[in-house]
Amino acid sequence: MRLILAYAKLYTLEIFRNRSAVFFTVLFPAILLLMVGRSNHLSGIPFVVNVVIFCNYAVQTVAFQSLGVRVSESRLTDWTLYVKTLPATPAIQFCGRVISMLCLSLLGVAFMLLVAKTFYRVDLALSQWLWVISMALIGGIPMALLGIAIGYQVNVSAARSVFVLLNLMLLFAGFSLPYHGIWMHLREWVPTFVWTQLSLYPIQTDIRLGPIVSYYIGFTLCCYLLAVISLKRPRPLRQIR
């Protein structure tokens, strides 16, 4: 446990050394909610759904985009190569990154809820707010593992563009896919849509929790295996700086 916390502290300090990254990671989702949050509300979708979507997006931006970019940019540095030689299993390294990610994500969600309460007067019970926050953080765990898996494989020079594009695609796929035809079945496999349904469970009574939990467990295990494979995959010496 002490080793996991040491990794978490190391990765958290690494994040806060880059002030611009912290600003865009923590504040950008809340700013985006202020800019476009009301657009779906005008078309009849309850605004609380928008708040839930953007709370998940705030966590996803930290867990998937920011973490993936950092992994990609640092994976071939001398320090990272040294850390990989230490007697720590991949699970310990991943736990350290996930704990660090959850702390920063909680800060991002706090700004999101501040915007929702201050500017839009979203009125939910305390238990509902706690559920939304908890499910957003829980949904961020497999997204962090997926970000690690992709970050170890994507080209360093293209990492930021790749993750920004994937992050936005996941955001809009979570609520913009049609509710008819093949799209109605396809959206059931989009993680951001599933996290939104999970977060809305105490608010919308027609949501079935069983399939969502099964999807979450399976998706998390797949992302963990991908992350382990990516971490252990050997690299040509010419890539090492």
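**Before you start**

The model is predicted, and local features need pLDDT of at least 70, side-chain atom pairs count only at pLDDT 80 or more, and totals for chains, interfaces and linings use all residues. Residues are numbered from 1 along each chain as its sequence is written, and side-chain values use heavy atoms, with hydrogens and water left out.

**Stop 1: the whole chain**

Show the protein chain as a cartoon. It has 11 helices and 0 strands. From the N terminus on, the elements run α-α-α-α-α-α-α-α-α-α-α. Helices (H or I, at least four residues) and strands (E, at least two) are DSSP runs, numbered from the N terminus.

Colour by burial next. Of the 241 residues, 48% count as buried. Buried means under 20% relative accessible area, exposed over 50%, and partly exposed in between (1.4 Å probe, protein chains only).

The protein chain exposes about 12,600 Å². Carbon and sulfur atoms supply 70% of that area. Accessible areas come from the Shrake-Rupley method with a 1.4 Å probe; for residues, only the protein chains shown count as cover.

Then look at contacts, meaning heavy atoms within 4.5 Å. Take those between residues at least 6 apart in sequence: 80% join residues at least 24 apart.

**Stop 2: helix α10**

Select residues 191–199, which make up helix α10. How many of the residues of α10 are buried? The count is 9 of 9, and the helix is mostly covered. The buried residues are P191, T192, F193, V194, W195, T196, Q197, L198 and S199.

Zoom in on T196. At 5% relative accessibility, T196 counts as buried. A polar atom of the T196 side chain lies 2.9 Å from the backbone oxygen of T192. Polar contacts are pairs of N or O atoms within 3.5 Å; within protein, one must be able to donate a hydrogen and the other to accept it, and residues adjacent in sequence count only if both atoms are side-chain atoms. Leaving aside neighbours within four places in sequence, T196 is in contact with V52, I53 and N56.

**Stop 3: L171 in helix α8**

Select L171, found in helix α8. L171 counts as buried, at 4% relative accessibility. Which residues does L171 touch, not counting residues up to four places away in sequence? They are L32, I53, Y57 and Q60. Draw a distance between the C-alpha atoms of L171 and I53. It reads 7.8 Å, for residues 118 apart along the chain.

**Stop 4: aromatic rings**

Show the side chains of Phe, Tyr and Trp. A search of the whole structure finds 8 aromatic pairs. One of them is F54 with Y57, edge-to-face, at 6.2 Å centre to centre and 85 degrees between the planes. Rings of Phe, Tyr and Trp (its six-membered ring) pair if their centres lie within 6.5 Å; planes under 30 degrees apart count as stacked, over 60 as edge-to-face and the rest as tilted.

F54 and Y57 are both buried. Why are F54 and Y57 separated by about one helical turn? Because they are 3 residues apart in helix α4 (residues 47–74). An α-helix has 3.6 residues a turn, so residues three or four places apart point the same way.

Now select W189, W195, Y215, Y216 and F219. These residues form one aromatic cluster.

**Stop 5**

Go to S105, in helix α6 (residues 90–119). S105 is buried, with a relative accessible area of 0%. Not counting residues up to four places away in sequence, S105 touches V59, V62 and L137.

Move to A149, in helix α7. A149 is buried, with a relative accessible area of 6%. Beyond its neighbours within four places in sequence, A149 is in contact with L226, A227 and S230. The C-alpha atoms of A149 and L225 are separated by 8.7 Å, and the two residues are 76 apart along the chain.

**Stop 6: a nonpolar surface patch**

Select F23, I31, L34, M35, V36 and F119, which make a nonpolar patch of about 580 Å².

Which helix gives the most to the nonpolar patch? Helix α2 (residues 19–36) does, with 5 residues. End on V36, in helix α2. V36 is partly exposed, with a relative accessible area of 36%.

Note on methods:
Patches are made of residues with over 30% relative accessible area and no salt bridge: like charges are joined within 9 Å, nonpolar side chains (Val, Leu, Ile, Met, Phe, Trp, Tyr) within 5 Å. A salt bridge is a side-chain nitrogen of Lys or Arg within 4 Å of a carboxyl oxygen of Asp or Glu.
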